[in-house]
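Please open the model in a viewer and follow the selections below in order.

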Amino acid sequence: MRTPRALRPLIESLATVALGLVAGGLLIWAFGHSPVAAYRALAVGAFGTREDLLETLAFATPLMLTALTFAVGVRGGLFNIGAEGQMYLGAVGATFVAGMVPMPAGVHLAAATLAGMLAGALWALIPAVLKAWRGAHEVISTIMCNWIALHLSMYLAINFLAEPGRAERTVPALPTARYPVLSEESTLTAVVFVAVAFALLVYAYLWGTRAGYELRLAGENPDAARYAGVRPERVVVLSFVIGGLAAGLAGASQVIGRPPAWSLYATLGNVTTLGFDGIGVALVGRNHPVGGILAAVLFGALAKGGRLMEYEVGVLSELVRALNGIIVLAMAVPELWNLVGRRLGR
Amino acid sequence: MREQAPRVWMRGIHKVYPDGTAALKGVDFHVHAGEIVALLGENGAGKTTLMKVLSGLLRPTRGEVWVDGRPVHFRNPSDALRCGIGMVHQVFTLVPPFTALQNVLLGQEGTRVLSPLPEASARASVQALLEEVGLEVPLDVPVESLPVGVQQRVEICKTLYRGTSVLILDEPTSALTPVEVDEFFRFLSRLRDRGTAIVLITHKLREVLEVSDRVVVLRQGVVAGELPTSSATAEKLAELMVGQLTALRVRRTPRAPGQPVLSVRGLTVRNDQGRVAVRDLSFDVREGEILGVAGVEGNGQSELVQALTGLRRPESGEVHLEGERVPFLEPLALYRRGLAHVPEDKARFGLALGFDLVENSILGRQREPQFLSWLGRLNRPVILRYAQELVRRFHVVAPDLATPVRSLSGGNQQRLLVGREISKEPRLVVAMHPTRGLDVASTLYIRELLVQMRDAGKAVLLVSADLDEVLELSDRIAVMYAGQFVGLGPAEAFRRETVGLLMGGVVPAGDADAARAPSPH
């Protein structure tokens, strides 16, 4: 029996994750801990109780969105590593509407969410326009935009959004602009449903519509896309905007969808690196929106379970981040395997 | 006949690729010193695989290779070179900005990574080699500015300079003009007379009969036949190659052409380097005719086709479709006016190799309302039925519709592409190299489809480097040279030799009328 084609990427990704865990185990062992005990703590910490599982999903929520940013870029032939900056601006946009613009319940939550998404998309337009009409390489421009976004967001947070009397964070979201908490024992809110729905919507868009087809065509073969009458500038803008919406939503989710702060720290401490982490998540998820959701749950589990691993076994939390890196590196193994096969097999 | 042991003897060679394809199923092959062996076969018959095994690029799954009576195991091309076996590939491995001399010396055994090339000291020996074998190569010109034919000589010189006495050539004539081919064959004969063993991979029957001493025909990974060239005929070789006697010619009935469908006036197009590639070109293609454009590649054909199909903005000139000027030459606008385009490089322009058959079947047609439902969504059921229809009607062989097009053979890829374009019900078909690299069956089929289009009253512009294809299919023939048509007239007015000379930029004395002053009609 041959494996169904659709399942191949999933199986390969799972094998990669397993490989990464084994390599990570060696690392843990090298630091003088028992890998078995460490992984048991990791699993218990991530999935042990209902609350642990929910908390894992809370960690996964922003990651599936920033992974989406990167994935949509790759599908359109772009290397968009600007999720980090777009996410900052999304958080700022959501904070502003949620904390400073009173509105009726219901409308307020939607408005704050949209404000975050639009802010992310607007920020993504800068590298998009530079790429589409000036040919500036998106890797350079998105990295630059990330730095600008960092300092711009801190400036806005400190000078315009700060909570009076508290320098370390912005005004909290008004109760009308907070996603309902799903369980008192965890920080998971209903924003997870919005995140999953958005990822699925993007999936349906990319694979089910004419515009999505053209976007993927441009990523797969730019010359064939021109042959099919696709304008490259449009694809660049479209894929940046979708990515920006996703990253903006990720930023918003950490302000209006994550207790207990319900606000943005002035140092951006509650959102930093979520954008970069999304790149690794997207790679493990094979640049697929649905794969990204699954991979985000995995990385969420590592983040959540890693805390118990540190607490119970004494493994440094830095090792957990190293584990993330090893898994991403292991993604290169199938290609390496092919390469070795070409050398030896032929 | 021959007493001495063969230079190379391959016995029972099997090759199974990692994806499970059995490319060779027990092939025996040998070549003697001072002999030209033609290795004939369709695409996918295993010719190139067999020679890659011999030149150390691939390892056989099973079987032995003997050189001068000793078994050898090549791990890489350097091992093979040490035994005097060298291969010249279809795609050259030259460094474009380097001179011919530098290219010949590059990667030479014994040169250190960081030391400069021993240009001064090696010049004399390279020169001597060239004189000995009778090759003319300007040594101090960057190879990128040399014509393809001369680049090939550099490539051959590079291989010979490494001491090659078994020379493998993979489709060496594909980019040469007929004049160059003759010269090239004379060179091969001289080389043979010096004692070099030569293996010529080809699928052109004429070449086999003209230059080789012995023919080995491969079919689907086994030797289908082996015979001295003196007792071979084109029909016999073709039969061995395809397994049955196929009519090698497409039948074409006379037909009076109608109104012009495509009118080109004063078209000038620049290439990527900004040089004028198409110069002030005017011509018509009429209903129910095939206008064949012959010419050596690189004389502006690509730029012409790209301009006519909206892939390249022309510098000046007008294009009319059915009497109406096309204001913006853009793909979608042209498709709407009835253009079907079979591009020169199917994998680059016409297909997305990572997409499956279904998605490729609407490439370029994705905006047609019949394939869409509300909100710009793709109408999956309709597209699926359409893809099934294409596969059935144009005999595309594929495991299933969800197969990525990458894993189809070239012939099946082209069937899908041509089928898709033809099923648009076009008014004008622009096809460039439509059968390049295809197996015989697919080639015949694609050519038949083009003739069917013509018979159905479509206008067909056929641009091809394959002279036989142009001669066989065209109602009128144009020869493109240096961005212009140096000859344009009814097909009957052209003899093969005439076209060959025109392709090389030579206006034959007797045919001056056909060549001079090409009128639009």
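Two strands pair if DSSP finds at least two bridges between them; strands (E, at least two residues) and helices (H or I, at least four) are DSSP runs numbered from the N terminus. This is a predicted model, in which local features need pLDDT of at least 70 and side-chain atom pairs count only at pLDDT 80 or more, while totals for chains, interfaces and linings use all residues. Residues are numbered from 1 along each chain as its sequence is written, chains are lettered from A and ligands numbered from 1 in the order in which they are written, and side-chain values use heavy atoms, leaving out hydrogens and water.

Begin with V293(B), which stands opposite V463(B) in β20(B). Strands β13 (289-294) and β20 (459-463) of chain B run parallel and are joined by 5 bridges.

Next, select D475(B) and R454(B), which form a salt bridge (a side-chain nitrogen of Lys or Arg within 4 Å of a carboxyl oxygen of Asp or Glu), with the closest N and O atoms 2.8 Å apart. D475(B) lies in the loop between α16 (467-473) and β21 of chain B, and R454(B) in helix α15 (440-455) of chain B. Is this pair buried or exposed? Both residues are buried, that is, under 20% relative accessible area with a 1.4 Å probe and protein chains only (exposed is over 50%, partly exposed in between).

Finally, move to R210(A), E214(A) and R367(B), linked in a network of salt bridges. E214(A) is buried at 5% relative accessible area, whereas R210(A) is partly exposed at 24%.
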